[in-house]
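Subject: Handover of a structure and findings

Dear colleague,

Please find below the structure I am handing over to you. My findings follow directly after it.

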Amino acid sequence: MNYNFTADEKTEMNDLISAVEDAKEADIKILFKKRSSIYLKSLNLRILQKLASEKNKTVTFDVENQSHKDYIDAVNGDFMESADDAVDLNMNTKMESVNKTSLIAKLFNMRKKFDTSDDSKSKKKGVKILIYIFVFLFIFVGGVFALWWYMPSASVKITVDSQILVKILDVKADPSATEVSIENSTIPAINVDVTVTESQTIPTTGKKEVGDNAKGKITFYNKTNDVITLKKGTIVKFISTDKESLKYETQENIDVSAQVTTENPPNSSTTEYGSKEANVKAVSFGEKYNQDSGEKFDVDGYDTDKLIAENKDKLDGGTLKELNVVTQADMDGLKRALDEFIKTKVVEALNKKVVSSQIFPESSAEFTTISGVFDKKLDEEGDELTLTMATKGVGIVYDQSILDQIVSELIKTVVPSEYSLDSGKPEYEVATTKAKAGTGIVDLQIKLRSYITPNLDEKKMISDMVGMKLDQAQSYLNSISSIKGFEISLSPQMPPILQTMPHISKNIEIIIDKK
Amino acid sequence: MKLPKSKAKKNGYVVLDFSPTSLKTLSFEQNSDSKKLSLKGFSIADSYKDLLRKEVVTNSVKECISQSNLDIDDAIIGLSGPEVFGFTLIAKVKRKKPDIQITEKEIQENYDQVRDACYEQAKKKWAYWSADDDGFEPLDLVVTSVQIDEKLISEPVGLTGEFVRISAFCSYSNKKYYKWILNLISDLKFASVTVTTTIYSESKNLSESSKNFILVDLGKDYTDVAVVFGKNIIQSRSFEIGGSYFTRHLIDKIGGDYVAANSKKEAYSLETLDEASMDKFGDFLYDAGKVWRTAFAAALDSMVGIKSFPQKIYLSGGGSMLPVIQEILLEDHWRKAVPFANDIEIITTTGKSLEENISDEINILKGSRMFVSGTLGVIKLELDQADEL
């Protein structure tokens, strides 16, 4: 049959509505594949029928799942028995008794009819003939009955849906174990170790200033009438044009003599400031402290109208240089980076030690730093810093075939009792691994993915179906929820009235098709 | 019969409003007098057409609880969507000895019979609605009214009469879905106070002001519909067309991704688009709305046995904020095929009816989007009250 639309498990109501609305044909046929679920609710199908009807179309449905044929036929035929919402609680038992009574009455009437028809008015000869006929008929019917009873055979092909079993299994890989333990979910493992030495160099990031202090001589001028004593270390300040104050300190104790005033009669006098030269030195490095001659300086603690200084010669010799030095951050960062790097090298080295049938879960690796040496100290001058480290790594390794072996055993414990495991190797993957610190044991989380099929008690099914009418057998098989579809083939073909399941159990064969 | 409940331990609890593709979580603090709840936190988790992932649920619930700063052990779970269904069963019993007073034992036997009858009816309905082989699990079973000789009574024990008529609302969930939810709750280390249907909690709240109405909860991926007569849910349905259908329709028309189309849809609802865009998007959404309306009509149509539907329609859920929903429902011609007694009246639910029971400290219950989850919160008060009785 040609279908306008085939719906599978991904089909949604929107798709079906579009299929009905957009169809050019007036008679739309929709097939629902086995895994489709949208047809399971009859109201969805009613809605599609109503939508089609509004567009002067008709829609009929078909299903792949044979056990839903009656249901879909009922939807197509617009016939469904509906349950009442009112019940008479007294009726249940009463109805049963009425039915029984009427059945007895019917049997009684039949018996009476039979009795009255057994009115013996025939002659002896006729009776004889009748007896022969009865005997012949008895033998014939008996023969036919025996054939009907013993000969037919039936082949019942049952489809069951395999289901995916997804389970998480926890398995321990333990180096101290010597054999596989199903009970403890443990497999033996071995320790593998390597030592790796690596160096790494980074540019240093710290800065340090070095240089020489500017120095020279300056002369102090005392504008007071008292001697001014300046101790070694007295600060004199040069005020530059950009108002940066550059400080210098005296290098010795000095006394600056008081000013001297000389009277020049009759009305004038001259004053000569007291003066003293002293060595000074800039308080810090830098060329900016170098000064040309003739600059003026303030003296710390004195107003310029009392004490002032001036350099007759240049102040020079000031220099500045910036150097790279090692910082704590450089050392920490390098240690971290090399630590990470060396761990990858250790894992690489461990992997190289593993042979093809072995598995090394990288998360099992445990690392120990054996040595770590920096080529420079903290604050030491230098453009680069180098660290050389040696790290030991220990990993746990197990055999793939041993893991296969334990998974094959453990899977049997997780299959629900009403299911059986499909044959074939179970599919699984090691989802996560986690090493238990200090124990040397690795926990493997196994994500298992396998197929299981519902168990069917074939013997019981055969014994239940023996002698059943064909429709009874169909209902019986329909009632078993784990059966997704079935096909009954009877041999030889009989008239419908005689079509029953064989009366001999060995004549019924059940073939299970797992999908 | 009451909602099934296990004992609560602390004064805070969460409400988990589940559909198969979304979860709204609210956290409440119950004041010491137990008369009013304080809403302290909320979170929303969505997935488009996929079953919610466990970690999404876990994170969303944790987010809500951390907002509220409460120590929470208990959860009220509300389920919605096509994996859940409910109906009211009316059971009649003719008593053998009408003159003898009804005893506790007799009425309990009747209730047990009602429970069994509900389950039998549910099996038939499930076969009618669904080809799903998973089966179903019972959720709510609530006696909504008892009549003796056509007289409504509150407590039948000690009374006499010939005919007892019991109305019970029962609801069920797809078994696989139910187990999935319970596993999640167990993983979250919550004790489930009760598992109910959102349609029950919502109709219970709205029944305070109306007796007969249709309740439409237009959620993200599903629309739940319930018909309520005499304050009892008579039948409920759910179909797989919700607010996201409108978004998908916009994607078909204008292209782009889901997020962009959804933001256009919301902007349309808030009327913040320019005039030309309002017209353009209004036309697209109107077309999608017509499909939704057909689905709604099909849902009503499938409720056999209802001869005339209530005229009052309550709209709730985020999807109901689309103005086009009211517009298309108020059109005349579609109602010719659906038996309404009178012209319909549409009411959008708001948090107002929750104010009596909930102090909304985070101001999220205003609109219709969180109304349903809010009604689940109030279920706790109903359970406490039932305990006291």
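In what order do the 3 strands of the open sheet in chain A lie, and is the pairing parallel or antiparallel? The order is 1-2-3, and the pairing is parallel. Strand 1 (5-7) and strand 3 (58-63) of chain A are at the edges with a single partner strand each, so one side of each has no neighbour in the sheet. On average, neighbouring strands of this sheet are turned by 25° against each other, direction ignored. Please bear in mind throughout that this is a predicted model.

Within this sheet, strand 1 of chain A is joined to strand 2 (residues 27-32) of chain A by 3 bridges, and the two run parallel. Ala7(A) has Phe32(A) in strand 2 of chain A as its bridge partner. Helix 2 (residues 42-54) of chain A lies across strand 2 and strand 3 of chain A, and runs at about 150° to strand 3 of chain A.

Strand 23 (residues 384-399) of chain A runs antiparallel to strand 8 (residues 190-203) of chain A, with 14 bridges between them; here Thr197(A) stands opposite Ala390(A). Strand 22 (residues 366-374) of chain A is also antiparallel to strand 23 of chain A, and 8 bridges join the two. In that pairing, Lys392(A) in strand 23 of chain A is the bridge partner of Thr368(A). Strand 21 (residues 358-359) of chain A pairs with strand 23 of chain A in the antiparallel sense over 2 bridges, and Ile359(A) stands opposite Tyr398(A).

As to chain A overall, there are 9 helices and 28 strands. Chain A has 515 residues, of which 22% count as buried. Among the contacts in chain A with a separation of 6 or more, 75% are between residues 24 or more positions apart.

Finally, the contact between the two chains takes 28 residues from chain A and 36 residues from chain B. On the side of chain B that touches chain A, two or more residues each come from strand 5 (84-94), helix 2 (104-129), strand 12 (232-239), helix 5 (243-254) and helix 7 (275-301) of chain B. Strand 5 of chain B gives the largest share of that side, 8 residues. By residue type, the side of chain B that touches chain A comprises 19 nonpolar, 7 polar and 10 charged residues.

Yours sincerely

Methods. Residues are numbered from 1 along each chain as its sequence is written. Chains are lettered from A and ligands numbered from 1 in the order in which they are written. This is a predicted model: local features need pLDDT of at least 70, side-chain atom pairs count only at pLDDT 80 or more; totals for chains, interfaces and linings use all residues. Two residues are in contact if their C-beta atoms, placed from the backbone, lie within 7 Å. Helices (H or I, at least four residues) and strands (E, at least two) are DSSP runs, numbered from the N terminus. Ala, Val, Leu, Ile, Met, Phe, Trp, Tyr, Cys and Pro count as nonpolar, Asp, Glu, Lys and Arg as charged, and the others, Gly among them, as polar. A residue is buried if 20 or more other C-beta atoms lie within 10 Å of its own, exposed if 12 or fewer, and partly exposed in between; C-beta atoms are placed from the backbone. Two strands pair if DSSP finds at least two bridges between them. Axes are lines fitted to C-alpha atoms, for helices over the stretch in contact, and angles run from 0 to 180 degrees between N-to-C directions.
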